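Q: I'm new to reading protein models. Can we walk through one together, feature by feature?

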Amino acid sequence: MAVYPFSALLARMKYITRWSLMHSTRPESLSEHTCDTALLAHILCLIARRYTGTPCRPKTVAAAALYHDAPEIITGDMPTPVKYSSDTLRDAYKAIEAESAASIASMLPPELEEEIAPYITGSILTADERRLLKAADRLSALIKCTEEARSGNHEFDAALAQQKAALAEMRCPEADWFIEHCLPCYTQNLDELTRRG
C-alpha cells in the first residue's frame, strides 16, 4: 500500500517559529502565520471585488495563501533582512524555495501533485492575485509587530516601521482600505471588539 507524507509534513508547520532572531512576547508558529495570511488574503480579495474593482478569485487566493510558506518546512524561516541582504543570497534562497516546493508536492500521487503544485508555487495566481497575497503576508507581519509593540516590546519597533513602509510602497488600495478600516481594531480589547452600537 502506498503512503503519502504530504499532509503529515505540512502539519509540522506548527513547529517552525517565526521571528526566530527576535525576542517575542509570544512566539508565532508558521501555522498561525499561514492561517492569518489566508484569512487576510480572503478579505483583501473581497475588498478588491467590492471596492476597488480588481478582478480576483477569493477562494483560490485563500487556498494559495494556506500553502504560500510550505517550503519553509524544509528551509526553515529565514529572516527577511537576511534573505534580502544581497542579490546572491536572495537568488539562492529562491532556488532552494522552488526546489523545496517541488519536493513537497512530490509527496502526493502524481494526479494530486499536479493539482497542488500550482498552489504551493503560486503559479495558479494572476499578477493581481499575487499582489493581494503578498499584501496579506505583509499585513500579517504588520499585525504581529503591532501586537508586540502594544505589549511594550521595543524589539519590534524597527520591524514595525519596515512593514509599514513596505506596505505603503506596494500602493495596494485593498491593503490601504484594510489599514484604514480594520487595523485600528487590533489595539482593542475583547469588550471593545464585541461591543455593539
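A: Just after H2, Gly53 takes a positive phi of about 75°. Helices here are DSSP runs (H or I, at least four residues), numbered from the N terminus. This is a predicted model, where local features need pLDDT of at least 70 and side-chain atom pairs count only at pLDDT 80 or more, while totals for chains, interfaces and linings use all residues. Residues are numbered from 1 along each chain as its sequence is written, and side-chain values use heavy atoms, leaving out hydrogens and water.

Q: Is Thr37 buried or exposed?
A: Buried means under 20% relative accessible area (1.4 Å probe, protein chains only). Thr37 sits in helix H2, residues 30-52, and is buried because its relative accessible area is 0%.

Q: Which residues is Thr37 in contact with, leaving aside its neighbours within four places in sequence?
A: Contact means heavy atoms within 4.5 Å. For Thr37, those are Ala65, His68, Leu133, Ala136, Asp137 and Ser140.

Q: What do the buried residues of H2 pack against?
A: They pack against helix H3 (58-67), helix H4 (72-75), H8 and H10. Among these buried residues are Leu30, Leu44 and Ile47.

Q: How do I read two packed helices?
A: You describe them by the angle between their axes and the distance between the axes. Axes are lines fitted to C-alpha atoms over the stretch in contact, and angles run from 0 to 180 degrees between N-to-C directions. Helix H8 (residues 127-150) and helix H10 (residues 173-181) pack at about 30°, with axes 9 Å apart. Angles under 35 degrees count as roughly parallel, so H8 and H10 are roughly parallel to each other.

Terms used: Helix = DSSP H or I, 4+ residues; strand = E, 2+ residues; numbered from the N terminus. Buried < 20%, exposed > 50% of the residue type's maximum accessible area, 1.4 Å probe, protein only. Parallel < 35°, antiparallel > 145°, perpendicular 65-115°, else oblique.
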